[in-house]
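Biologist: I would like to take a close look at a single part of this protein and then see how that part sits within the whole. Could you walk me through it slowly?

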Amino acid sequence: MQKLTGEERSYYIENFQIEDFFSFNIHPYIEICKFDKGEWIFKEGSFPDTLYYMMEGKAKLYMTHKNGKVSLIEYIEAPCFMGEIELLNEARYTKGIQTVTETICLSIATQGCKDMLLADAPFLRRLCVFLGEKASKMTSKYTQNQAYPLENRLAAFIQLSSDKGIYKEKHTEICEYLGVSYRHLLYVLAQFCEANILQKKKNGYHIMDEQRLMQLAQEIQ
(Lines give C-alpha, C1' and ligand atoms only; values in the text may rest on other atoms or scores of the structure.)
Protein backbone atom coordinates (compact mmCIF):
# COMPACT_ATOMS: atom_id res chain seq x y z
CA MET A 1 0.00 0.00 0.00
CA GLN A 2 1.29 3.43 -0.98
CA LYS A 3 0.10 6.78 0.37
CA LEU A 4 -0.34 9.38 -2.36
CA THR A 5 0.94 12.90 -1.81
CA GLY A 6 1.08 16.27 -3.56
CA GLU A 7 -0.87 16.69 -6.78
CA GLU A 8 -2.04 13.07 -6.86
CA ARG A 9 -3.58 13.39 -3.40
CA SER A 10 -5.18 16.72 -4.23
CA TYR A 11 -6.61 15.35 -7.46
CA TYR A 12 -8.61 12.62 -5.71
CA ILE A 13 -9.79 14.82 -2.85
CA GLU A 14 -11.02 17.51 -5.24
CA ASN A 15 -12.32 15.24 -8.01
CA PHE A 16 -14.41 13.13 -5.62
CA GLN A 17 -15.55 16.17 -3.58
CA ILE A 18 -14.54 14.50 -0.32
CA GLU A 19 -15.30 17.56 1.77
CA ASP A 20 -19.00 17.24 0.85
CA PHE A 21 -19.11 13.87 2.64
CA PHE A 22 -18.74 15.50 6.05
CA SER A 23 -19.88 18.55 8.03
CA PHE A 24 -16.60 18.76 10.00
CA ASN A 25 -12.96 19.10 8.95
CA ILE A 26 -11.98 15.56 7.92
CA HIS A 27 -8.51 16.45 6.55
CA PRO A 28 -6.49 15.62 9.71
CA TYR A 29 -7.83 12.05 9.61
CA ILE A 30 -7.55 11.08 5.93
CA GLU A 31 -5.04 9.69 3.47
CA ILE A 32 -5.32 8.68 -0.19
CA CYS A 33 -3.96 5.14 -0.59
CA LYS A 34 -3.04 3.09 -3.64
CA PHE A 35 -3.20 -0.71 -3.39
CA ASP A 36 -1.52 -2.94 -5.97
CA LYS A 37 -3.45 -5.72 -7.69
CA GLY A 38 -3.75 -8.74 -5.37
CA GLU A 39 -2.97 -6.76 -2.22
CA TRP A 40 -5.09 -7.23 0.90
CA ILE A 41 -7.03 -4.18 2.10
CA PHE A 42 -8.31 -6.09 5.13
CA LYS A 43 -7.08 -9.52 6.20
CA GLU A 44 -9.76 -11.76 7.63
CA GLY A 45 -9.84 -11.74 11.41
CA SER A 46 -8.09 -8.40 11.71
CA PHE A 47 -9.38 -5.58 13.90
CA PRO A 48 -9.35 -2.54 11.61
CA ASP A 49 -9.39 1.03 12.85
CA THR A 50 -9.68 2.39 9.32
CA LEU A 51 -12.70 3.12 7.12
CA TYR A 52 -12.01 3.02 3.39
CA TYR A 53 -13.92 4.60 0.52
CA MET A 54 -12.94 2.96 -2.77
CA MET A 55 -12.59 5.61 -5.49
CA GLU A 56 -11.16 3.46 -8.27
CA GLY A 57 -10.73 -0.30 -8.67
CA LYS A 58 -12.28 -3.64 -7.78
CA ALA A 59 -11.88 -6.11 -4.91
CA LYS A 60 -13.11 -9.48 -3.64
CA LEU A 61 -14.74 -10.12 -0.25
CA TYR A 62 -13.91 -13.49 1.37
CA MET A 63 -15.15 -15.37 4.41
CA THR A 64 -13.78 -18.50 6.10
CA HIS A 65 -16.38 -20.94 7.49
CA LYS A 66 -16.06 -22.92 10.70
CA ASN A 67 -15.08 -26.01 8.69
CA GLY A 68 -12.14 -24.13 7.15
CA LYS A 69 -13.70 -23.61 3.72
CA VAL A 70 -13.11 -20.17 2.18
CA SER A 71 -15.96 -18.63 0.18
CA LEU A 72 -16.05 -15.69 -2.19
CA ILE A 73 -19.00 -13.62 -0.96
CA GLU A 74 -19.02 -10.60 -3.18
CA TYR A 75 -17.21 -8.57 -5.82
CA ILE A 76 -16.76 -4.95 -4.79
CA GLU A 77 -16.29 -2.11 -7.24
CA ALA A 78 -15.87 1.63 -6.85
CA PRO A 79 -17.42 3.72 -5.48
CA CYS A 80 -18.06 1.96 -2.17
CA PHE A 81 -17.24 1.94 1.54
CA MET A 82 -15.20 -0.83 3.18
CA GLY A 83 -15.04 -1.30 6.92
CA GLU A 84 -18.37 0.44 7.55
CA ILE A 85 -19.79 -2.50 9.54
CA GLU A 86 -16.76 -2.46 11.83
CA LEU A 87 -17.29 1.28 12.35
CA LEU A 88 -20.94 0.77 13.31
CA ASN A 89 -20.53 -2.48 15.24
CA GLU A 90 -18.46 -2.97 18.37
CA ALA A 91 -17.70 -6.54 17.22
CA ARG A 92 -14.57 -5.66 15.24
CA TYR A 93 -13.87 -9.02 13.52
CA THR A 94 -13.69 -8.39 9.78
CA LYS A 95 -13.85 -10.39 6.55
CA GLY A 96 -10.99 -10.46 4.05
CA ILE A 97 -10.90 -7.96 1.16
CA GLN A 98 -8.36 -8.45 -1.64
CA THR A 99 -7.92 -6.17 -4.65
CA VAL A 100 -8.59 -7.45 -8.17
CA THR A 101 -7.08 -4.41 -9.90
CA GLU A 102 -4.94 -1.49 -8.83
CA THR A 103 -7.21 0.32 -6.38
CA ILE A 104 -7.36 3.88 -5.04
CA CYS A 105 -9.03 4.47 -1.67
CA LEU A 106 -9.77 7.27 0.74
CA SER A 107 -8.54 6.10 4.14
CA ILE A 108 -10.12 7.49 7.32
CA ALA A 109 -8.38 6.84 10.65
CA THR A 110 -11.51 6.24 12.72
CA GLN A 111 -9.77 6.12 16.11
CA GLY A 112 -9.45 9.88 16.10
CA CYS A 113 -12.87 10.79 14.72
CA LYS A 114 -15.28 7.89 15.35
CA ASP A 115 -17.61 9.89 17.60
CA MET A 116 -17.73 12.72 15.08
CA LEU A 117 -18.45 10.32 12.21
CA LEU A 118 -21.29 8.62 14.09
CA ALA A 119 -22.88 11.99 14.87
CA ASP A 120 -22.37 13.52 11.42
CA ALA A 121 -25.64 13.74 9.46
CA PRO A 122 -24.18 14.18 5.93
CA PHE A 123 -21.81 11.22 6.39
CA LEU A 124 -24.48 8.98 7.93
CA ARG A 125 -26.94 9.87 5.16
CA ARG A 126 -24.40 8.86 2.51
CA LEU A 127 -23.56 5.68 4.41
CA CYS A 128 -27.25 4.72 4.73
CA VAL A 129 -27.78 5.15 0.99
CA PHE A 130 -24.73 2.96 0.33
CA LEU A 131 -25.93 0.23 2.73
CA GLY A 132 -29.39 0.24 1.14
CA GLU A 133 -27.93 -0.12 -2.36
CA LYS A 134 -25.58 -2.86 -1.12
CA ALA A 135 -28.50 -4.85 0.33
CA SER A 136 -30.46 -4.43 -2.90
CA LYS A 137 -27.53 -5.71 -4.99
CA MET A 138 -27.12 -8.78 -2.79
CA THR A 139 -30.83 -9.56 -3.11
CA SER A 140 -30.65 -9.14 -6.88
CA LYS A 141 -27.68 -11.53 -7.07
CA TYR A 142 -29.56 -14.33 -5.36
CA THR A 143 -32.71 -13.86 -7.44
CA GLN A 144 -30.68 -13.74 -10.66
CA ASN A 145 -29.20 -17.15 -9.84
CA GLN A 146 -32.73 -18.53 -10.03
CA ALA A 147 -34.14 -16.46 -12.88
CA TYR A 148 -31.39 -16.28 -15.54
CA PRO A 149 -29.26 -18.87 -17.37
CA LEU A 150 -25.55 -19.12 -16.68
CA GLU A 151 -24.68 -17.49 -20.03
CA ASN A 152 -26.10 -14.16 -18.86
CA ARG A 153 -24.79 -14.37 -15.30
CA LEU A 154 -21.30 -15.42 -16.41
CA ALA A 155 -21.15 -12.60 -18.97
CA ALA A 156 -22.03 -10.07 -16.26
CA PHE A 157 -19.49 -11.65 -13.91
CA ILE A 158 -16.70 -11.54 -16.52
CA GLN A 159 -17.43 -7.86 -17.10
CA LEU A 160 -17.21 -7.21 -13.37
CA SER A 161 -14.11 -9.28 -12.58
CA SER A 162 -11.95 -8.83 -15.68
CA ASP A 163 -8.89 -6.59 -15.58
CA LYS A 164 -7.62 -4.89 -18.76
CA GLY A 165 -9.70 -7.20 -20.93
CA ILE A 166 -8.52 -10.44 -19.30
CA TYR A 167 -10.63 -12.79 -17.15
CA LYS A 168 -8.69 -15.30 -15.02
CA GLU A 169 -10.63 -16.13 -11.87
CA LYS A 170 -10.41 -19.59 -10.26
CA HIS A 171 -13.07 -21.93 -11.67
CA THR A 172 -13.82 -23.58 -8.31
CA GLU A 173 -14.30 -20.21 -6.62
CA ILE A 174 -16.63 -18.94 -9.34
CA CYS A 175 -18.69 -22.15 -9.43
CA GLU A 176 -19.58 -21.62 -5.79
CA TYR A 177 -20.19 -17.89 -6.27
CA LEU A 178 -22.55 -18.44 -9.23
CA GLY A 179 -24.10 -21.62 -7.82
CA VAL A 180 -23.21 -23.91 -10.77
CA SER A 181 -21.27 -27.09 -11.35
CA TYR A 182 -17.66 -27.09 -12.55
CA ARG A 183 -18.70 -28.93 -15.70
CA HIS A 184 -21.44 -26.41 -16.50
CA LEU A 185 -19.03 -23.49 -16.08
CA LEU A 186 -16.46 -25.03 -18.43
CA TYR A 187 -19.19 -25.77 -20.97
CA VAL A 188 -20.36 -22.15 -21.11
CA LEU A 189 -16.78 -20.83 -21.24
CA ALA A 190 -16.18 -23.15 -24.20
CA GLN A 191 -19.33 -21.79 -25.85
CA PHE A 192 -18.05 -18.24 -25.41
CA CYS A 193 -14.75 -19.24 -27.02
CA GLU A 194 -16.52 -20.93 -29.96
CA ALA A 195 -18.57 -17.76 -30.48
CA ASN A 196 -15.34 -15.68 -30.42
CA ILE A 197 -16.54 -13.76 -27.38
CA LEU A 198 -13.51 -15.03 -25.46
CA GLN A 199 -10.16 -16.49 -26.44
CA LYS A 200 -8.37 -18.82 -24.05
CA LYS A 201 -4.66 -18.10 -23.56
CA LYS A 202 -2.02 -19.04 -20.99
CA ASN A 203 -2.68 -15.98 -18.85
CA GLY A 204 -6.50 -16.31 -18.88
CA TYR A 205 -9.49 -15.67 -21.11
CA HIS A 206 -9.11 -12.60 -23.32
CA ILE A 207 -12.29 -10.68 -24.15
CA MET A 208 -12.55 -10.56 -27.95
CA ASP A 209 -16.11 -9.27 -28.41
CA GLU A 210 -16.91 -6.73 -25.72
CA GLN A 211 -20.18 -5.75 -27.42
CA ARG A 212 -21.59 -9.28 -27.46
CA LEU A 213 -20.50 -9.84 -23.86
CA MET A 214 -22.24 -6.61 -22.88
CA GLN A 215 -25.45 -7.67 -24.64
CA LEU A 216 -25.53 -10.94 -22.71
CA ALA A 217 -24.80 -9.16 -19.42
CA GLN A 218 -27.44 -6.49 -19.95
CA GLU A 219 -30.19 -9.13 -19.92
CA ILE A 220 -29.97 -9.19 -16.12
CA GLN A 221 -29.31 -5.48 -15.52
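Modeller: Let us begin with the protein as a whole, keeping in mind that this is a predicted model. Among the contacts in the protein with a separation of 6 or more, 71% are accounted for by residues 24 or more positions apart. The secondary structure comes to 8 helices and 12 strands, and one of these helices, helix 6, which covers residues 171–178, holds the residue we will look at, glutamate 173. This glutamate 173 has a relative accessibility of 14%, and because buried means under 20%, it counts as buried. Turning to its surroundings, and leaving aside the neighbours within four places in sequence, we find glutamate 173 in contact with Lys60, Tyr62 and Leu72. With tyrosine 62 there is also a polar contact, in which the side chains of the two residues are joined at 3.2 Å.

The protein exposes about 12200 Å², of which carbon and sulfur atoms supply 49%. As for charge, the protein has 26 positive and 29 negative side chains, and the centres of these two sets lie 8 Å apart.

Technical notes. Residues numbered from 1 in each chain as written. Predicted model: local features only at pLDDT ≥ 70, side-chain atom pairs only at ≥ 80, totals over all residues. Heavy atoms only, no water. Helix = DSSP H or I, 4+ residues; strand = E, 2+ residues; numbered from the N terminus. Buried < 20%, exposed > 50% of the residue type's maximum accessible area, 1.4 Å probe, protein only. Polar contact = N/O pair within 3.5 Å; in protein donor to acceptor, adjacent residues only side chain to side chain. Contact = heavy atoms within 4.5 Å. Areas by Shrake-Rupley, 256 points an atom, 1.4 Å probe, with all protein chains shown as cover. Lys, Arg positive; Asp, Glu negative; His and termini not counted. Charge placed at Lys NZ, Arg CZ, Asp CG, Glu CD.
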